[in-house]
Amino acid sequence: SFAYLTIKDRTPQILTKVIDTLHRHKSEFFEKHGEEGVEAEKKAISLLSKLRNELQTDKPFIPLVEKFVDTDIWNQYLEYQQSLLNESDGKSRWFYSPWLFVECYMYRRIHEAIIQSPPIDYFDVFKESKEQNFYESQESIIALCTLLQQLIRTIEDLDEKQLKDEFFKLLQISLWGNKCDLSFSGGESSSQDTDVLNSLEDLKPFILLNDMEHLWSLLSNCKKTREKAAVTRVYIVLDNSGFELVTDLVLANFLLSSELATEVHFYGKTIPWFVSDTTIHDFNWLIEQVKHSNHKWMSKCGADWEEYIKMGKWVYHNHIFWTLPHEYCAMPQVAPDLYAELQKAHLILFKGDLNYRKLTGDRKWEFSVPFHQALNGFHPAPLCTIRTLKAEIQVGLQPGQGEQLLASEPSWWTTGKYGIFQYDGPL
Ligand SMILES: O=P(O)(O)OC[C@H]1O[C@](O)(CO)[C@@H](O)[C@@H]1O
Ligand SMILES: [Mn+2]
């Protein structure tokens, strides 16, 4: 299965890259912290090598040792995984456990290796790759910012139909932006070099489920019926930093400019996650970069975005739940405060493949099972997943559709070639 290949090949490759990154920063650690920095680098590398060995030799999972906000929850979850096994199955271990859990555990252990190694315990081992993705996507980012700024300038003159078309365009850009995550490519560069902006029409046949109309009716309805001082909140559960994040911010900017929303709330990860996922540092760094660009329209975007944050029209939130292994239907029990927050949304957009796996519990669902059913009770507010397919899971297809794709193109759901907008909520 794709899960097997990920754990056997891709994750050790990512770990090797992490070790290499630490090596390459040795002199930086020395300059900053002297001998202590070099010792810390050695310690982190030895913990990570041990982790890689545990993985490759299929050792039992070991509890987390370092005290951190989520340590107890993680260790309880490890016990829970163990409890699912029979006595004769022995200890739960890398190649005999649910893929979603194994993968999340690996990233949490990488984080543990770093926080166990002060004074370099602040170090984001994936920062370099995330920044590289941003730099390598410059041309597309400039094109996208220019498009946005031109659009905003004429937005008042657009009729309903034109506004809707523009909304759909930016939604699709945000969808295809999800092609460039870095855990998928084993941590190798995966920038936006093909011009998505000019390929939207060609890419349309690859949108397997397209619920964009529902998003439009929902938000345009909010706009029409909203009282003067009332708010419309759209939440975006972010995925990857770099080009994808730019596409999400451009969409968020459009939501405000078009008055389809009055507030946009973002959720990122509290620790480095699945290589390219957005943390608060990535979020702030990227906006700063965009603001200081030499390109007129790009820097205008950056300045506006900073202003939105200052004015509270854009709000960034952290929550530890997003980097736990739990599927989202467990949120009301595991993170009731977060669930309550999400209930305040008029619409929640979930970006990316990992979010989809967690929304649907990463089960082996029949293709035609309704999305609502696969969500298994997770309905905090109307929601939509915007995802390119990079894992063997997909629900809500027409009867026979998935089977047909599988027969003609066995890897159709793992290459990122196809995408979906899948909505759940009142129609
Ligand atoms: O950034 P995304 O879209 O969540 O994708 C991350 C992806 O990484 C993988 O786990 C592979 O390691 C995918 O199958 C997956 O879900
Ligand atoms: Mn990701």
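**Salt bridges, rings, strands and cysteines in a predicted model**

Q: Which side chains meet in a salt bridge with 3.3 Å from N to O?

A: In this predicted model, the side chains of Asp 20 and Arg 24 meet in a salt bridge, with 3.3 Å from N to O.

Q: Where do Asp 20 and Arg 24 lie relative to one another?

A: Both belong to helix H1 (residues 2–24), where they are 4 residues apart, so about one helical turn separates them.

Q: Is Asp 20 buried, exposed or partly exposed? And what about Arg 24?

A: Asp 20 is partly exposed, at 37% relative accessibility. Arg 24 is partly exposed as well, with a relative accessible area of 46%.

Q: What does Lys 169 form with Glu 166?

A: Lys 169 and Glu 166 form a salt bridge in which the closest N and O atoms are 3.7 Å apart. The two residues are 3 residues apart in helix H8 (residues 160–177), which means a separation of about one helical turn. Lys 169 is partly exposed, with a relative accessible area of 29%.

Q: Which residue does Asp 9 meet in a salt bridge?

A: Asp 9 meets Lys 8, at 3.0 Å from N to O. Asp 9 counts as partly exposed at 37% relative accessibility, and Lys 8 is partly exposed with a relative accessible area of 36%.

Q: How many salt bridges does a search of the whole structure find?

A: The search finds 31 salt bridges.

Q: Which residues are linked in a network of salt bridges?

A: Lys 50, Glu 54, Arg 109 and Glu 112 are linked in such a network.

Q: Changing topic to rings: over which ring does the charged end of Arg 357 sit?

A: The charged end of Arg 357 sits over the ring of Trp 99, 3.5 Å from the ring centre.

Q: And how many aromatic pairs are there?

A: The count comes to 42 aromatic pairs. One of them joins Trp 322 and Tyr 328, with the centres 5.4 Å apart and 90 degrees between the planes; this pair is edge-to-face.

Q: Are Trp 322 and Tyr 328 buried or exposed?

A: Trp 322 counts as buried at 2% relative accessibility. Tyr 328 is also buried, with a relative accessible area of 1%.

Q: Why is the pair of Phe 367 and Trp 412 called tilted?

A: The ring centres of Phe 367 and Trp 412 are 5.8 Å apart and the planes stand at 55 degrees, so the pair is tilted. An angle over 60 degrees would be needed for edge-to-face, and one under 30 degrees for stacked.

Q: Which parts of the chain does that pair link?

A: The pair links distant parts, 45 residues apart. Phe 367 is in the loop between helix H16 (353–359) and helix H17 (371–374), while Trp 412 is in the loop between helix H18 (401–408) and strand S7 (419–424). Phe 367 counts as buried at 9% relative accessibility, and Trp 412 is buried with a relative accessible area of 0%.

Q: Which residues form one aromatic cluster?

A: Tyr 235, Tyr 267, Phe 321, Trp 322, Tyr 328, Tyr 339, Phe 350 and Phe 378 form one aromatic cluster. The edge-to-face partners Trp 322 and Tyr 328 are among them.

Q: On to the strands: in what order do they form the sheet?

A: The sheet is open and has 7 strands in the order S1-S7-S6-S5-S2-S3-S4, with mixed pairing. At the edges are strand S1 (207–210) and strand S4 (314–318), each of which pairs on one side only. Neighbouring strands are turned by 20 degrees against each other on average, direction ignored.

Q: How many bridges join S5 to S6?

A: There are 4 bridges between strand S5 (residues 347–351) and strand S6 (residues 383–388), and these strands run parallel. Leu 349 stands opposite Cys 384 in S6.

Q: With cysteine in mind, how many disulfides does a search of the whole structure find?

A: The search finds 0 disulfides. For Cys 104, the nearest cysteine sulfur is that of Cys 329, 14 Å away. Cys 104 is buried, with a relative accessible area of 0%.

How values were computed: Residues numbered from 1 in each chain as written. Chains lettered and ligands numbered in written order. Predicted model: local features only at pLDDT ≥ 70, side-chain atom pairs only at ≥ 80, totals over all residues. Heavy atoms only, no water. Disulfide = S-S within 2.5 Å. Buried < 20%, exposed > 50% of the residue type's maximum accessible area, 1.4 Å probe, protein only. Phe/Tyr/Trp six-rings, centres within 6.5 Å; stacked < 30°, edge-to-face > 60°. Lys NZ or Arg CZ within 6 Å of the ring centre and 35° of its normal. Pairing = 2+ DSSP bridges. Axes fitted to C-alpha atoms, helices over the stretch in contact; angles between N-to-C directions. Salt bridge = Lys/Arg side-chain N within 4 Å of Asp/Glu carboxyl O.
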